[in-house]
Amino acid sequence: MKLSTIQASLNQLGMQPTKSLGQNFLHDQNLAEWIVAQLDIQPEEAWVELGPGLGALTEFALARSPRGLVIEKDGRLAGFLRERFPALEIIHGDASEFDVRELFARGPIKVLGNLPYYVSSQILFAFTGEPSPVSALIFTLQKELAERLSAGPWTKEYGALTLLVGRRWKVKYLRTLPGSVFMPAPKVDSAIVLLTPRPAGEVPACDGELFTRLVKQGFAQRRKQLRKNLAGRNLDWPALCQHLGVEETTRAEELSLEQWIALTNFVTKSSD
Ligand code: SAM
């Protein structure tokens, strides 16, 4: 949407952007079209958009497939969207409280969203946390969160979030966006990430719940050696480190995804 259209629409609604809802509207149309193009929505494909606002991305998603559903928390914007896109399924609600299983039961779907910071992680986990028919997600996030999602081992951004999402999803950091592409401009940069499911067999299988518990425990105090964070588990530490090919003094952030999976499988075997 053009800046002038955004301003006119907000005037028409008699509203100012609400900071607490992260209302920063994208006013670069080329960028909006580019973001939606990355998702490659096919004419028959279903898609869902979280936090559509005034519809900056929605219009380009709709141009690709009519099978859309949007979830917007602000009732004024949901009403605006109903007038702008009469044929679109619009839910006035909180995307972080939405029952994704009901959505997933409908079949294959693509997901997009320019998420407000205060609910980004929650929404991200809801849409990536369970086995699902989601074939791709594109999110505009605060840059810092996007960096944590796409980080590699041995960096300060790499952590539990990277691994918990990364075990089942490939995360591609597509580009950084300056605040100036939004109205009003936020003080921090944003970034666009594309998530696609890892093909079966790309990484070894493991007990997902145990993996989650171990990763959270391992990163609980990231300055500490991993051995200390996992101390309560009564593991044969030298044997485990030899199995993983790491030093006994290793820290959580020094293990790759594959090593975390191997660690999980080692723990599973040890408790058999
Ligand atoms: N997608 C639009 C764009 O790019 O211009 C708007 C993006 S704006 C950053 C975030 C949008 O999410 C706002 O419209 C806001 O009202 C909505 N929102 C905030 N919290 C939400 C929630 N929990 N569930 C659904 N929508 C939410």
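**A conversation about a predicted model**

Trainee: Is Trp154 buried or exposed?
Mentor: Trp154 is exposed, because it has 11 other C-beta atoms within 10 Å, and a residue with 12 or fewer is classed that way. Its backbone also deserves a look: Trp154 has a positive phi of about 70 degrees although it is not a glycine.

Trainee: Which residue just after H2 takes a positive phi?
Mentor: That is Asp40, which follows H2 directly. Its phi is near 50 degrees, again a positive value in a residue other than glycine. Asp40 belongs to the loop between H2 and E2.

Trainee: And how many other C-beta atoms does Asp40 have within 10 Å?
Mentor: There are 13, so Asp40 counts as partly exposed.

Trainee: Let us step back. How many helices and strands does the protein chain have?
Mentor: The protein chain contains twelve helices and nine strands. Its C-alpha atoms fill a box of roughly 65 × 40 × 30 Å along the principal axes.

Trainee: What share of the residues is buried?
Mentor: Of the 272 residues in the protein chain, 36% count as buried. As for contacts between residues at least 6 apart in sequence, 62% of them join residues at least 24 apart.

Trainee: How many residues are in the largest nonpolar core?
Mentor: The largest nonpolar core has 64 residues. Val111, Leu112, Ile123, Ile138 and Val193 have the most contacts inside it. In soluble globular proteins, nonpolar side chains tend to be buried together.

Trainee: What is Val111 in contact with, beyond its neighbours in sequence?
Mentor: Leaving aside residues within four places in sequence, Val111 contacts Trp47, Val48, Phe127, Val134 and Leu137.

Trainee: Back to H2, then. Which of its residues are buried?
Mentor: In helix H2 (residues 29-39), Ala32, Ile35, Val36 and Leu39 are buried. Viewed down the axis of H2, the buried residues fall within an arc of 90 degrees, so they line one face of the helix.

Trainee: Now the ligand. Which residues come nearest to it?
Mentor: There are 23 residues around the ligand, and Leu26, Gly51, Gly53, Lys73 and Ala95 come nearest. The shell divides into twelve nonpolar, seven polar and four charged residues. Strand E1 (25-26) and strand E3 (68-72) each supply at least two residues of that shell.

Trainee: Where does UniProt place the feature "binding site"?
Mentor: An unreviewed UniProt entry places that feature at Asn24, Leu26, Gly51, Glu72, Asp94 and Asn114.

Trainee: Tell me about Asn24. Where does it lie, and is it buried or exposed?
Mentor: Asn24 lies in the loop between helix H1 (3-13) and E1. It has 21 C-beta neighbours inside 10 Å, so it counts as buried. Apart from residues within four places in sequence, Asn24 is in contact with Pro17, Phe182, Met183, Pro184 and Pro186.

Trainee: What kind of peptide bond joins Met183 and Pro184?
Mentor: It is a cis peptide bond, with omega about -10 degrees. Pro184 is placed in the loop between strand E8 (182-183) and E9.

Trainee: And Asn114, in which strand does it lie?
Mentor: Asn114 lies in strand E5 (residues 109-114). It is buried because 25 other C-beta atoms lie within 10 Å. Beyond its sequence neighbours within four places, Asn114 contacts Leu26, Gly51, Leu57 and Thr140.

Trainee: Lastly, what does Ala56 touch?
Mentor: Not counting residues up to four places away in sequence, Ala56 touches Met1, Phe25, Leu26 and Ala32. Ala56 is found in the loop between strand E2 (46-50) and H3, and it is buried, with 24 other C-beta atoms within 10 Å.

Note on methods: Residues are numbered from 1 along each chain as its sequence is written. This is a predicted model: local features need pLDDT of at least 70, side-chain atom pairs count only at pLDDT 80 or more; totals for chains, interfaces and linings use all residues. A residue is near a molecule or strand if its C-beta atom, placed from the backbone, lies within 6 Å of it. Helices (H or I, at least four residues) and strands (E, at least two) are DSSP runs, numbered from the N terminus. Ala, Val, Leu, Ile, Met, Phe, Trp, Tyr, Cys and Pro count as nonpolar, Asp, Glu, Lys and Arg as charged, and the others, Gly among them, as polar. A nonpolar core is a set of buried Ala, Val, Leu, Ile, Met, Phe, Trp, Tyr and Cys residues joined through C-beta atoms within 7 Å. A residue is buried if 20 or more other C-beta atoms lie within 10 Å of its own, exposed if 12 or fewer, and partly exposed in between; C-beta atoms are placed from the backbone. Two residues are in contact if their C-beta atoms, placed from the backbone, lie within 7 Å. UniProt positions are given in the numbering used here, feature names are shortened, and annotations may be inferred rather than shown by experiment. The arc is that of the directions from the helix axis to the C-beta atoms.
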